[in-house]
Number of protein chains: 2
Amino acid sequence: MAGRRTEDRPLSFIEQARRDQLVEVTIGVVAEHGHAAASLARIAEAAGITKGAVLYHFASKDAVVAAAHAHVLDALVADIGAAVDAAPADGAPAAYVRRMVGHLAERPDHARMIIEAMIHDHRPDSSARWKPLATLLGHAREARGLGPGPDLRTLAIITGGAIDAIVGERLQDPAYDAGAAAEALVAMLESAAFA
Amino acid sequence: MAGRRTEDRPLSFIEQARRDQLVEVTIGVVAEHGHAAASLARIAEAAGITKGAVLYHFASKDAVVAAAHAHVLDALVADIGAAVDAAPADGAPAAYVRRMVGHLAERPDHARMIIEAMIHDHRPDSSARWKPLATLLGHAREARGLGPGPDLRTLAIITGGAIDAIVGERLQDPAYDAGAAAEALVAMLESAAFA
DNA sequence: GTCTATAACACGATAGAC
DNA sequence: GTCTATCGTGTTATAGAC
């Protein structure tokens with residue numbers, strides 16, 4: 001054991017910097033080659049160091065990829081959370097859709113990383129995906145003084161899938177106007193939810 | 001070269017049967033473990049033969065998986081094509097959505113195989129996905145005597161993504177009513193396309 | 001803190017026995 | 001037509017030099 005980290009002592013500044021760098025290049029590698037082809041050798045090469053050095057800073061290859069995944073997910077929830085909090089209750093669903101599309105369209109690497117991660121653990125609790133939007137839709141309906149309407153779970157699932165497809169199209173065709181598509185989706189969603 | 005097939009002579013009946021069996025088990029293996037983990041060894045084990053025997057019937061591992069992919073795709077397009085052809089022009093988009101959700105909900109293995117395949121070649125021409133539905137929407141609009149409306153490409157992309165999400169939810173929660181979700185989606189689509 | 005060297009294994013594919 | 005045995009490569013991870 002040549003000094004390999006096992007304890008939970010605080011990270012030194014330079015060690016934190018190395019980890020940040022590795023997370024950064026791992027996002028790029030996964031985005032470009034996919035999760036399956038993101039080998040330790042490729043990550044190390046992209047970072048300009050050796051495989052052994054990577055495994056000094058992280059316990060395993062999966063730990064590197066998990067850290068990269070957590071990083072992009074944190075950025076996503078922070079951005080969407082701020083946008084939703086800044087919107088009035090009856091406009092929160094629209095803000096959610098707009099910011100989700102905007103965030104991922106602005107960060108193609110993050111979008112691809114999230115897609116790859118959703119694929120890799122192929123038993124993700126899908127309710128984690130649609131619950132937040134379903135909750136926002138429920139509150140928005142209350143704020144507008146409306147009674148019960150169409151199934152919010154289905155509405156949230158449809159909207160989530162539509163967001164993925166818009167972002168995916170934008171990834172493949174950078175000329176595609178994802179913002180306009182988001183507006184079309186918002187119009188469809190509000191017309192269905194607040195009919 | 002121990003008799004390995006390289007020519008295009010017709011397949012014998014038993015050879016065709018072996019290929020069909022291998023395609024069948026490969027669909028199951030890919031659906032369960034994912035494309036990346038669908039190794040030659042696993043496919044061979046699932047079929048009850050050895051790796052060498054698999055590679056006698058197919059030129060490579062990729063050829064086995066490609067054959068399995070082609071099989072599920074053929075079944076999909078045949079089923080959806082028949083449903084669309086049987087519907088009137090102004091009802092074709094609804095028939096497309098209903099049959100797509102129905103077909104994939106009834107065949108979880110096929111659905112997972114298609115998902116995995118879309119992931120694997122991660123530069124698929126996405127227009128192949130939305131063009132057919134966009135065309136149906138255009139014809140339906142003409143059949144109803146309507147003028148130009150919202151962007152059909154975006155409408156088709158949104159609908160396609162929503163279908164994927166509904167099928168995905170159904171895969172994870174077999175109790176989820178995919179049929180009702182398809183009806184909700186059809187209502188949203190028609191209200192947006194034929195407004 | 002980073003390196004080299006290597007262990008131990010899974011992969012796809014081929015060769016040749018039977 | 002199917003087998004065993006094997007080659008060559010790529011993989012994660014560890015051990016130990018520096």
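How many residues of chain A are in contact with chain B? In this predicted model, 25 residues of chain A are in contact with 25 residues of chain B.

**Where the two chains meet**

Looking at chain A's side of the contact, the elements giving two or more residues are helix H8 (152–172) and helix H9 (178–193) of chain A. H8(A) supplies the largest share, twelve residues. By class, the side of chain A that touches chain B splits into 13 nonpolar, nine polar and three charged residues.

How are the two copies related? Chain A superposes on chain B by a rotation of 180° with 0.0 Å of shift along its axis, and the RMSD is 0.1 Å. That's the relation of a two-fold axis. The interface tells a matching story: 100% of the interface residues of chain A are also interface residues in chain B, so the copies meet through the same surface.

Which elements give two or more residues to the surface near DNA strand C? From chain A there is helix H3 (51–57), and from chain B there are helix H2 (40–47), helix H3 (51–57) and helix H4 (61–85). For the surface near DNA strand D, the elements giving two or more residues are helix H2 (40–47) and H3 of chain A, together with H1 and H3 of chain B.

**A helix pair inside chain B**

Now for a packing detail within chain B. Helix H1 (residues 13–33) and helix H6 (residues 108–120) of chain B pack at an angle of about 70°, and their axes are 8 Å apart. Angles of 65 to 115 degrees count as roughly perpendicular, and H1(B) and H6(B) are therefore roughly perpendicular to each other. On the H1(B) side, the contact is made by B:Ile27, B:Gly28, B:Val30 and B:Ala31, while H6(B) brings in B:Asp109, B:His110, B:Arg112, B:Met113 and B:Glu116. Sorted by class, this contact of H1(B) with H6(B) has four nonpolar, two polar and three charged residues.

Methods
Residues numbered from 1 in each chain as written. Chains lettered and ligands numbered in written order. Predicted model: local features only at pLDDT ≥ 70, side-chain atom pairs only at ≥ 80, totals over all residues. Axes fitted to C-alpha atoms, helices over the stretch in contact; angles between N-to-C directions. Helix = DSSP H or I, 4+ residues; strand = E, 2+ residues; numbered from the N terminus. Parallel < 35°, antiparallel > 145°, perpendicular 65-115°, else oblique. Contact = placed C-beta atoms within 7 Å. Nonpolar A, V, L, I, M, F, W, Y, C, P; charged D, E, K, R; others polar. Least-squares fit on C-alpha atoms with pLDDT ≥ 70 in both.
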